[in-house]
Amino acid sequence: MQTSQITVETRADVGEAKKLRSMGQIPAVIYGPGLKGTTLHVSVEYQAFRKIFRVSGESTVVDVSLGGKIIPALVHQVDYDPISSQFEHIDFYAIDMMKEVETAIPLIFIGTAPAVKEKSAVLVTSKSEVHVKCLPKHLVHDISVDISSLSDYHDHISVKDLSFPEGVVAVDNPDDVIISAAAPRKDRAEEEEAAAAAAAAAAAAITAAAGPAPEGEAPKESAPEKGSEKKKE
């Protein structure tokens, strides 16, 4: 199991968030099954969290050290400043190592798609992460997706095609498409034009097979719509 450790400190005044940020600290809370209903208000050093988060993300167990006690947790939510994109607040989710958790694991695309190299196909990514369920000890930072099987237009890789580590089970729909190879825009336009031409040709063939109306026979008039008849004066 991949783990990282980070030290946090208790913050007595929960209203000091702005002051903490000016001192290079990030306000945070810890809650979850591992704390049995208790919520802890803490702070963490900005640069320390940045380094840990780069490695752990939201799918790897982090050992949160508070006053010498280790609390296994996941980074559940990170709030960012809308202008500077700096970390504003963190939610640590304390877990029970003996109970399954559900989380999202990022997907890493590896390899080269022959459809791109040989046919100039365009790769369309539909999912960048997959939701899984497992014991915390089986969590991994990411899951690799080998795209070398995409050899032609319309080829795709679904959730059911992924290789999951031992003990990890996907909770997403097995048929959800993760990535697919699409024809270039020019080729798609030609395909659409060909389909339209085929539809027009089929309609013309049906009309020709029906033949012209018999000579002297006037086309049948459709019945007037209800309420359209005018009363005679």
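How many bridges join strand 8 to strand 13, and in which sense do the two strands run? Strand 8 and strand 13 (residues 177-182) run antiparallel and are joined by 4 bridges. The model is predicted: local features need pLDDT of at least 70 and side-chain atom pairs count only at pLDDT 80 or more, while totals for chains, interfaces and linings use all residues. Residues are numbered from 1 along each chain as its sequence is written, and side-chain values use heavy atoms, with hydrogens and water left out.

**Stop 1**

Strands here are DSSP runs of E, at least two residues, and helices are runs of H or I, at least four residues, numbered from the N terminus; two strands pair if DSSP finds at least two bridges between them.

**Stop 2**

Start with strand 1 (residues 3-10), which is joined to strand 3 (residues 40-45) by 3 bridges and runs antiparallel to it. Strand 1 also pairs with strand 4 (residues 61-66), in the parallel sense over 6 bridges. Click valine 8: its bridge partner in strand 3 is valine 44, and its bridge partner in strand 4 is leucine 66. Glutamate 9 stands opposite serine 43 in strand 3.

Move to strand 6 (residues 87-94), where 6 of the 8 residues are buried (buried means under 20% relative accessible area, exposed over 50%, partly exposed in between, with a 1.4 Å probe and protein chains only). Strand 2 (residues 25-31) runs parallel to strand 6, joined by 4 bridges; isoleucine 30 has phenylalanine 92 as its bridge partner there. Strand 5 pairs with strand 6 in the antiparallel sense over 7 bridges, and aspartate 79 stands opposite histidine 89 in strand 6. The hairpin of strands 5 and 6 has 6 residues between the strands, and serine 85 takes a positive phi near 65 degrees in it.

**Stop 3: helix 2**

Select residues 46-56. The buried residues of this helix are Tyr46, Phe49, Ile52, Phe53 and Ser56. They lie on the same side of helix 2, because they cover an arc of only 130 degrees around the axis (the arc is that of the directions from the helix axis to the C-beta atoms). Turn the view to the face away from the buried side for the exposed residues Lys51, Arg54 and Val55.

**Stop 4: the largest pocket**

Finally, select Glu58, Val75, His76, Thr103 and Ala104, which lie nearest the centre of the largest pocket among its 15 lining residues. (A pocket is an open set of points on a 1 Å grid over the protein atoms alone, where a 1.4 Å probe fits, with protein on both sides within 12 Å along at least five of seven lines; lining residues have an atom within 4 Å of a point.) Strand 5 (69-80) and strand 7 (101-110) are the elements that give two or more residues to the lining. Strand 7 gives the most, with 6 residues.
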